[in-house]
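I opened the model and kept notes on what I looked up. The entries follow the order in which I went through the chains.

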Amino acid sequence: MARPDAGIDARTRRGPGPTHLALMLLPALVVVVMLFGGGLLLGVLQALGHLPGAGLERLSGMHFGRVLTDPDFIQSFGLTLYVAAVSTLLAAGLSVVAALALNRMAARWRLVHFVFQIPLTVPHLVIAVAVIFMLSPAGLLARLAVAAGLIETASEFPLLVNDRWAIGIILTYVWKEIPFITLMLLAVLQNAGGELIDVGRTLKADAWQRFRHITLPTIFPALGAASLIVFAYTFGAFEVPFLLGRTYPMTLPVWAYKHYSDIDLMARPEGIATGIVIAAVVAMAVVTAQALTRRARKRGIVL
Amino acid sequence: MSRPKAVLVALTVLAAVGLPFATLVIWSLADRWFFPGLWPQAWGLRAWSYVVTTAGGQVITALWQSVAVAFVTAVVAVLVALPAARALGLYSFRGKDAISVLLTLPIIVPPLSVAMGLHLWFIRLDLAESFIGVVAVHLTFCLPYAVFVLWGVFSNYNPDFESQARSLGASRWRVWLRVMLPMILPGVIVAGLFAFLLSWSQYLSTLIIGGGRLITLPVLLFSLMGSGDRPVAAAVSIVFVLPALVALLFSARHLGGKSLAGVR
Amino acid sequence: MGALSLKDLHIHYDRQPVVQDFSLDIGDGEMVALLGPSGAGKTTILKVVAGLLAPARGEVIIDGQVVNDRPPEKRDAVMVFQKPLLFPFMNVNQNIAFGLKMRGDDAARRSRAVERILALTRLAGLGPRKVHELSGGQQQRVALARALVLEPAILLMDEPLSNLDANLRQEMRELILTVQSELNITTLFVTHDQAEALMMSQRVALLLEGRLRQVGSPRDLFHRPADPEVARFFGGGNFFRGRLHEGHFECDFGRLPVTAADGNGHLRTATIRPEDIQLATAPVDLPDSFAGTVVRTRFEGMATRAWIRCPFGELVVLTAESALAPGQSVRLRLPPDKIRVFSEASSSE
């Protein structure tokens with residue numbers, strides 16, 4: 001993921017001694033290692049069949065095996081991947097358009113720049129609720145369709161929430177994530193974009209060539225990193241698919257929680273195992289993003 | 001950009017962002033709004049009076065619960081993050097890459113995976129269904145997030161100002177208070193605000209660790225959505241979104257429109 | 001072939017006039033320096049020529065054609081910016097070939113042109129390097145090469161040396177001069193450094209506060225400034241008033257024979273450069289001289305700058321005499337041929 005390290009001096013500056021540095025880092029490391037690391041480790045142990053209180057039992061891959069061979073798992077995995085990938089791609093594409101438009105829009109359109117940032121801070125849950133009110137069969141859009149004479153009853157309205165193609169979920173994510181990606185792109189564009197574009201113009205690049213050969217390479221690392229963060233989030237989030245998804249198949253996080261909270265205690269380790277699988281997929285996405293960022297920095301692009 | 005184009009972009013942005021909120025506001029003010037009416041058949045403040053008064057102040061209690069959890073989480077996160085972010089932002093040292101991965105990974109690994117693992121342990125420590133337990137699980141992602149924001153702040157911060165102040169005779173404490181703090185304050189506020197919001201928006205980890213005993217606003221909102229009372233759900237949604245808007249207004253106004261890039 | 005003509009340019013920024021009444025003609029193959037202090041509007045003019053800014057009024061004419069309506073990419077002028085502004089995601093070769101690629105040249109042709117220009121700008125062998133691996137001087141040369149490879153009619157350079165340290169600056173200056181004369185590219189470059197302008201250009205255009213004050217050969221501007229402000233910009237310090245009378249300038253320092261054309265009986269301002277004043281420590285050394293007392297001195301290496309109080313005012317003198325001390329009596333002489341009398345229009349300060 002994007003590192004905030006502008007790193008002008010960080011490489012050369014003489015820091016305090018190692019003990020001093022360790023003390024500065026220790027509190028944060030302790031909290032993260034214990035709570036985050038501990039949580040994941042205990043999750044793995046429980047998923048491997050270890051039940052604290054009952055003493056250390058023999059660890060086995062049984063629960064992971066049951067999860068991974070469950071035909072529903074493949075369905076869920078596919079759906080989750082689909083939702084995350086489509087949301088990310090749509091949001092990334094629209095963000096490029098939005099970033100270019102906002103970048104060229106004079107600063108005096110302050111209200112627009114402000115309003116554009118609103119979705120950043122709005123909880124996913126709120127926008128999911130609003131999406132239900134707008135897109136459900138009794139929602140605003142359906143009422144508009146009736147008023148326009150397109151349909152007569154709610155049942156004629158196409159399913160846009162709890163639907164097969166997860167349209168409601170994807171729309172919610174796209175609404176929420178566009179500002180996030182766009183602002184990352186705008187930061188890059190405003191730093192380096194303008195001057196390089198001027199260079200491109202005097203070097204005879206036309207509008208499309210400037211976009212293709214200057215703007216796109218400039219924003220690409222940030223776009224990649226932001227997109228992977230969005231992918232990671234949408235892959236592992238619970239609220240939106242829980243509210244707007246179908247009961248079958250469920251996305252992985254919903255599936256995981258359903259098993260975890262099942263009355264049948266045997267289902268619990270499987271829920272935890274699913275949670276670990278989600279974390280693994282997401283961690284892989286992050287590692288890819290780190291590698292991308294590092295490569296970008298090697299090429300001299302400050303993210 | 002030409003004016004008509006700019007107006008078009010402006011209208012698109014305003015409509016896309018505004019429409020969901022308009023929907024929520026109208027629903028919260030509708031006493032009766034049967035399909036397929038395009039407009040409520042009866043307006044009223046039933047939902048809002050429910051929010052303020054009924055059910056033993058259920059909403060108000062949840063509101064305070066949410067504020068308390070998010071506030072404590074944000075304060076602890078920023079205090080713990082500050083020294084770590086300073087170390088990461090200003091100096092290079094062995095193992096920095098590994099530490100940076102470790103500290104930023106929790107921002108993206110879903111809290112769901114962590115909370116499920118922590119739950120049994122917290123039960124044994126008697127932290128489950130407790131305020132501290134919920135704050136602790138929120139810290140797993142709010143703290144790394146604060147580190148991430150403050151790291152950026154510190155990498156744009158020049159500690160030579162501190163040396164300068166020291167050489168002019170200021171004590172170490174005064175340097176921190178009078179030199180460092182004013183320079184990083186906007187970043188500290190952003191980090192705090194958004195750690196607050198991150199905790200504020202959290203549903204599943206609160207539910208798992210809080211076990212349904214600690215009712216925060218999102219937990220309440222989920223049960224309301226289940227009950228199907230749309231006007232009340234809309235009103236609670238609006239209450240739920242208010243701190244986010246206030247935070248955004250505040251940062252736009254007092255932090256000089258400091259870019260929120262990298263914030264989610 | 002490339003002649004540039006700027007006619008009566010007025011340039012506004014945020015509705016404030018930045019440049020007014022700017023006209024300048026540059027001949028084919030000529031190298032002209034646009035000189036002025038920072039904030040005078042030099043870069044603004046360059047951007048207008050490049051097409052990055054539009055003038056409020058006036059015309060930009062390249063090879064006899066008004067190009068005001070043409071965007072930068074359709075003008076036969078290339079600009080080299082103050083910062084190298086190399087594309088960070090491309091290596092040296094790709095950076096230099098950028099313009100050729102945009103133009104649609106094929107790969108073979110591009111690489112031939114790039115090789116040639118790399119050699120010309122002494123970058124041979126650096127083609128595959130990443131730009132952030134280059135030194136500041138190399139980056140600036142790549143930026144120059146990237147512009148030159150297009151063989152534009154007009155080359156515009158914005159302070160091409162200002163980001164370099166002293167040694168590199170001299171090297172780059174020689175390189176630019178060599179390359180410019182070799183390729184015979186019409187060049188307009190901006191600088192705030194008078195020495196740079198005098199050394200590098202065939203003609204200098206001096207811009208003060210958005211107005212063109214004087215255009216001419218480096219010698220002209222240095223020795224025959226059009227008005228006191230131009231003189232002051234080039235380090236002149238001694239200004240005095242007097243009356244023109246029958247080929248003489250009658251002032252407190254005496255009746256000095258000068259070659260001012262007209263203006264008999266009029267009050268005029270005259271100047272003499274500090275290094276042109278003759279100074280002697282013994283009275284016998286200097287005929288037609290007058291007495292003065294050293295007020296203070298400053299040793300400047302090759303010379304010493306001395307502030308001398310005379311009966312009629314204070315004069316600044318730059319002299320090889322390094323042993324001057326405050327309070328010391330000296331003799332001064334103003335050689336008449338070094339005195340510059342300003343014409344009436346410009347002497348009203």
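Before counting anything between chains, I wrote down the rule: two residues are in contact if their C-beta atoms, placed from the backbone, lie within 7 Å. I also noted that this is a predicted model.

**Entry 1: chain A against chain C**

I looked up how many residues of chain A are in contact with chain C. The count is 16 residues of chain A, in contact with 21 residues of chain C. On the chain A side, α7 (167-202) and α8 (207-236) each supply at least two residues. I then checked which element gives the most to that side of chain A, and α7(A) does, with 6 residues. Sorted by class, the side of chain A that touches chain C has 7 nonpolar, 3 polar and 6 charged residues.

**Entry 2: chain C as a whole**

I took chain C next and listed its elements: 9 helices and 20 strands. Its C-alpha trace spans about 75 × 45 × 35 Å along the principal axes. Chain C has 349 residues, and 40% of them count as buried. I looked at contacts in chain C between residues at least 6 apart in sequence, and 65% of these join residues at least 24 apart.

**Entry 3: one helix of chain C**

Which residues of α5(C) are buried? They are C:Ile176, C:Val179 and C:Gln180.

I then asked what covers the buried residues of α5(C). The cover includes the strands β3 (31-35) and β8 (186-191) of chain C, and also the helices α3 (107-120), α4 (136-148) and α6 (194-200) of chain C. On the face of α5(C) turned away from the buried side I found the exposed residues C:Asn167, C:Glu174, C:Ser181 and C:Glu182. After α5(C) comes C:Asn184, and I noted that its phi is positive, near 55°.

**Entry 4: chain B**

I finished with chain B, which has 11 helices and 2 strands. From the N terminus on, I read its elements as α-β-β-α-α-α-α-α-α-α-α-α-α. The C-alpha trace of chain B spans about 70 × 65 × 30 Å along its principal axes. Of the 264 residues in chain B, 50% are buried. Among contacts in chain B with a separation of 6 or more, 74% are between residues 24 or more positions apart.

Chain B is divided into domain 1 (1-44) and domain 2 (57-254). I looked up the separation of their centres over C-alpha atoms, which is 32 Å. The contact takes 5 residues from domain 1 of chain B and 6 residues from domain 2 of chain B. On the domain 1 side, helix α1 (residues 3-28) of chain B gives the most, with 4 residues. By class, that side of domain 1 of chain B divides into 4 nonpolar, 1 polar and no charged residues.

Notes:
Residues numbered from 1 in each chain as written. Chains lettered and ligands numbered in written order. Predicted model: local features only at pLDDT ≥ 70, side-chain atom pairs only at ≥ 80, totals over all residues. Buried ≥ 20, exposed ≤ 12 C-beta atoms within 10 Å, placed from the backbone. Nonpolar A, V, L, I, M, F, W, Y, C, P; charged D, E, K, R; others polar. Domains from an automatic or database assignment.
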